[in-house]
Amino acid sequence: MTVITRRLDVVTTTELPTAPPAGPIAAFTGRFDPRLLATAGSLCVALSSVFIKLSGASGATSAFWRCLIALPILALLARNEARRTRVRVNVVAPLFAGLGIGVDFVLWGEAIPRVGAGIATVLLSVQVVLVPLLAFLFLRDRPDRRFLITTPVLLVGIVLAGGFVGTVVTGPDPLLGALFALAAGAGYSVYLLLIRFSTTPSTQVRSLLLATLSAGAVSLALGLPFHQLDFTPGWSAFGWFVALGLLGQVAGWLLIAGALPRMPSSTGAVLMLLQPIGAVLFGIVLLGEEPSALQLIGCAVVLAAVCFAGRARRR
């Protein structure tokens, strides 16, 4: 009987393994409604475009300082996370993901003064098309029929929102700004595709730390050769960089990372629309931007297409 009891104990322990503990940030965000977290995180990210435009700095400069300011805070949080969870982090995927988000930061920063903070953020929604395409090319994850229907509609909205037709008054060079924003969306797509394989509640902060470190290196690589990196931006610009690093880089991304895994993907996709919507509204109210009627129609088309496509990606 003793042998049988021991065997039952072994079987029971094997069949019911304990889940890895969540990190301190994941445990903290787990106390709140994920919809509230996603809303707060999206609005923090939406404010990033306002901070970048008010700083008056180049894309490489804003990307460099936002990463540099965020790194010490993320390092402290990551150290606490590692001690608490004792789960090893996947190093390679977050570093490569950071290359994508670094390109996004630099080019997005170049797009904002040219096409406007709101429109530049709306155009980042091109990732809704690019992420499934990348998943199909590299992971053989075939897109569904709703995605195929949405893609041409989204492209029409991008053409209108980006100012490729009609009169545009949101920036001095809207066409080049729109191209920069679309290229930034491609970098953002790479980040989203890679970070999904490397982030868990036990390694959430360390993955963001590695991606931020890699993104900062990209800003150096793109800014130094073209003399677009300013190491002495002035106190006014530095103040906006502090707000950008704390809200846009640390708080925004950690809140979103803590919210999305706890919601249906359709709900998450809808709440993520608060980023471009918030950026457009902040641009109008705080920066005095005046998108044309065609651009506003294009924004509505893009957001509707993103919402429609997001509801199909429940997997």
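Analyst: The axes of helix H3 (residues 34-55) and helix H5 (residues 92-115) come within 9 Å and cross at roughly 65°, where axes are lines fitted to C-alpha atoms, for helices over the stretch in contact, and angles run from 0 to 180 degrees between N-to-C directions. That angle makes H3 roughly perpendicular to H5, given that angles under 35 degrees count as roughly parallel, over 145 as roughly antiparallel, 65 to 115 as roughly perpendicular and the rest as oblique. The helices themselves are DSSP runs of H or I with at least four residues, strands are runs of E with at least two, and both are numbered from the N terminus. H3 passes H5 in a right-handed crossing; a crossing is right-handed if the near helix is turned clockwise from the far one by less than a right angle, and left-handed if anticlockwise.

This is a predicted model, in which local features need pLDDT of at least 70 and side-chain atom pairs count only at pLDDT 80 or more, while totals for chains, interfaces and linings use all residues. Residues are numbered from 1 along each chain as its sequence is written, and side-chain values use heavy atoms, with hydrogens and water left out.

On the H3 side, Val45, Ser48, Ser49, Ile52 and Lys53 meet Trp108, Gly109 and Ile112 of H5, contact meaning heavy atoms within 4.5 Å. Sorted by class, the contact of H3 with H5 has 4 nonpolar, 3 polar and 1 charged residues, where Ala, Val, Leu, Ile, Met, Phe, Trp, Tyr, Cys and Pro count as nonpolar, Asp, Glu, Lys and Arg as charged, and the others, Gly among them, as polar.

Serine 48, placed in helix H3, counts as buried because its relative accessibility is 0%, the class being under 20% relative accessible area, with exposed over 50% and partly exposed in between (1.4 Å probe, protein chains only). Beyond its neighbours within four places in sequence, serine 48 is in contact with Arg66, Trp108, Leu244 and Gly248. Valine 45, also in helix H3, is buried at a relative accessible area of 10%. Leaving out residues up to four places away in sequence, valine 45 touches Trp108, Gly248, Gly252, Ile256 and Gln275. Valine 45 and glutamine 249 lie 7.6 Å apart in space, C-alpha to C-alpha, although 204 residues separate them in sequence.

H5 also packs with helix H4 (residues 59-85), at an angle of about 130° and with the axes 7 Å apart; that makes H4 oblique to H5. H4 passes H5 in a right-handed crossing. Gly59, Ala60, Ser62, Ala63, Arg66 and Cys67 of H4 make this contact with Phe105, Val106, Trp108, Gly109 and Glu110 of H5, and by class the contact has 6 nonpolar, 3 polar and 2 charged residues. Cysteine 67 is buried, with a relative accessible area of 1%. The count of disulfides, taken as pairs of cysteine sulfur atoms within 2.5 Å, comes to 0.
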